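Please keep the sequence and the model in view while reading.

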Amino acid sequence: MSFFFVDLRAMNRSATYIVTEFVLLGFPGCWEIQIFLFSLLVMVYALTLLGNGAIICAVRWDPQLHTPMYFLLGNFAFLEIWYVSSTVPNMLANILSKTKAISFSGCFLQFYFFFSLGTAECLFLAVMAYDRYQAICHPLHYSTIMTGKLCRMLVSLCWLIGFLGYPIPIFFISQLPFCGPNITDHFLCDMDPLMALSCAPAPITESIFYTQSSLVLFFTIMYILQSYTLLLRAVFQVPSAAGRRKAFSTCGSHLAVVSLFYGTVMVMYVSPTYGISTLMQKILTLIYSVMTPLFNPLIYSLRNKDMKLALRNVLFGRRISQNS
């Protein structure tokens with residue numbers, strides 16, 4: 001999708017265009033604090049890549065995990081690697097940089113990938129809720145409903161809708177006149193900071209963008225809540241306590257990830273942010289864009305015996321037997 005943003009500076013010359021780069025202030029602090037933040041982010045990024053990469057390898061190599069639930073989880077882990085990679089490498093370079101600058105094209109590319117991958121994550125969480133609903137509410141028909149073909153189709157739709165939803169609105173935002181200043185008090189290129197730097201208001205473009213983002217959040221979270229309402233109703237009808245515990249354990253991981261991700265995103269993009277300080281907005285953005293991809297492997301592995309066994313085999317190099 002990067003062809004939408006090729007040579008944006010040349011395309012923007014028709015407007016009164018002066019800005020050729022943006023300055024991302026990031027998190028304030030002395031050099032010692034910056035070094036500490038850099039070290040912390042490097043550790044978080046490395047653990048995120050390791051954890052999600054291990055899930056992908058476990059799903060790929062362990063025959064016991066060749067089920068729709070783990071197929072979706074493996075794709076979700078792959079998404080998380082790209083999601084965190086859309087922000088953290090630039091944040092690390094920005095901390096060590098004296099200018100803290102990002103090119104005009106680079107800023108809008110980051111903007112595009114950040115929102116496209118975030119949208120795909122919302123859709124993946126909704127699809128995973130659908131999978132859990134079918135597994136618990138229709139267990140006898142689960143294998144005939146959640147076929148490999150349907151899983152591949154759902155995964156493809158998540159990626160396609162995520163990446164095809166934002167090129168046009170972000171392209172029009174990139175065509176707004178940015179005549180200075182070019183300094184934004186954030187660590188990534190987000191909607192509000194960029195619109196604040198534009199020299200001309202664009203209420204229609206801004207409304208379209210926020211309406212689109214809000215609709216994605218609203219419909220996916222409403223579907224997830226509806227699925228879990230029906231799912232919990234079915235769980236409470238299970239006669240045995242052991243069966244209820246197993247059902248709760250299966251769904252608890254997904255529900256924890258949904259709560260962490262949607263809780264922070266809804267505060268940022270749905271509720272009014274005029275009463276939230278800039279520092280708090282940065283912290284909230286850091287939680288759902290950096291910390292959530294780190295916590296996902298921990299949440300899924302700690303609550304799932306099959307995943308823990310497969311991850312142990314992957315991380316410690318044990319051979320997985322085809323008959324285990």
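**Cavities, core and selected residues**

The second largest cavity has a volume of about 60 Å³. A cavity here is a set of points, on a 1 Å grid over the protein atoms alone, where a 1.4 Å probe fits but cannot get out, and its lining residues have an atom within 4 Å of a point. Grid points are joined across faces, edges and corners, and the volume is the space filled by probe spheres set on the points. This is a predicted model, in which local features need pLDDT of at least 70 and side-chain atom pairs count only at pLDDT 80 or more, while totals for chains, interfaces and linings use all residues. Residues are numbered from 1 along each chain as its sequence is written, and side-chain values use heavy atoms, with hydrogens and water left out.

The lining of the second largest cavity includes Leu-25, Gly-26, Gln-34, Asn-94, Lys-100 and Phe-187. Helices α2 (31-61) and α4 (88-96) each contribute at least two residues to this lining; helices (H or I, at least four residues) and strands (E, at least two) are DSSP runs, numbered from the N terminus.

Is Lys-100 buried or exposed? Lys-100 counts as buried because its relative accessibility is 18%, buried being under 20% relative accessible area, exposed over 50% and partly exposed in between (1.4 Å probe, protein chains only).

His-186 occupies the loop between β3 (183-184) and α9 (191-197). With a relative accessible area of 5%, His-186 is therefore buried. Apart from neighbours within four places in sequence, His-186 is in contact (heavy atoms within 4.5 Å) with Leu-24, Leu-25, Gly-26, Pro-193, Lys-282 and Thr-285.

Of the 14 residues that line the largest cavity, Phe-115, Gly-118, Thr-119, Leu-217 and Val-265 lie nearest its centre. Helix α5 supplies the largest share of this lining, 5 residues, and α5, α10 (203-236) and α11 (241-269) each provide at least two. The lining of the largest cavity has 11 nonpolar, 3 polar and no charged residues.

The largest nonpolar core contains 92 residues, of which Phe-22, Phe-108, Phe-111, Tyr-262 and Met-307 touch the most other members. Helix α5 (residues 104-137) gives the largest share of this core, 18 residues. Such a core is a set of buried Ala, Val, Leu, Ile, Met, Phe, Trp, Tyr and Cys residues joined through side-chain atoms within 4.5 Å.

Phe-295 is situated in helix α12 (residues 278-302). Because its relative accessible area is 31%, Phe-295 is partly exposed. The C-alpha atoms of Phe-295 and Leu-47 are separated by 9.6 Å, although these residues are 248 residues apart along the chain.

Across the whole protein chain, the secondary structure comes to 13 helices and 3 strands. Of its 324 residues, 49% count as buried.

Conventions: On a 1 Å grid over the protein atoms alone, a cavity is a set of points where a 1.4 Å probe fits but cannot get out, and a pocket is an open set with protein on both sides within 12 Å along at least five of seven lines; lining residues have an atom within 4 Å of a point. Ala, Val, Leu, Ile, Met, Phe, Trp, Tyr, Cys and Pro count as nonpolar, Asp, Glu, Lys and Arg as charged, and the others, Gly among them, as polar.
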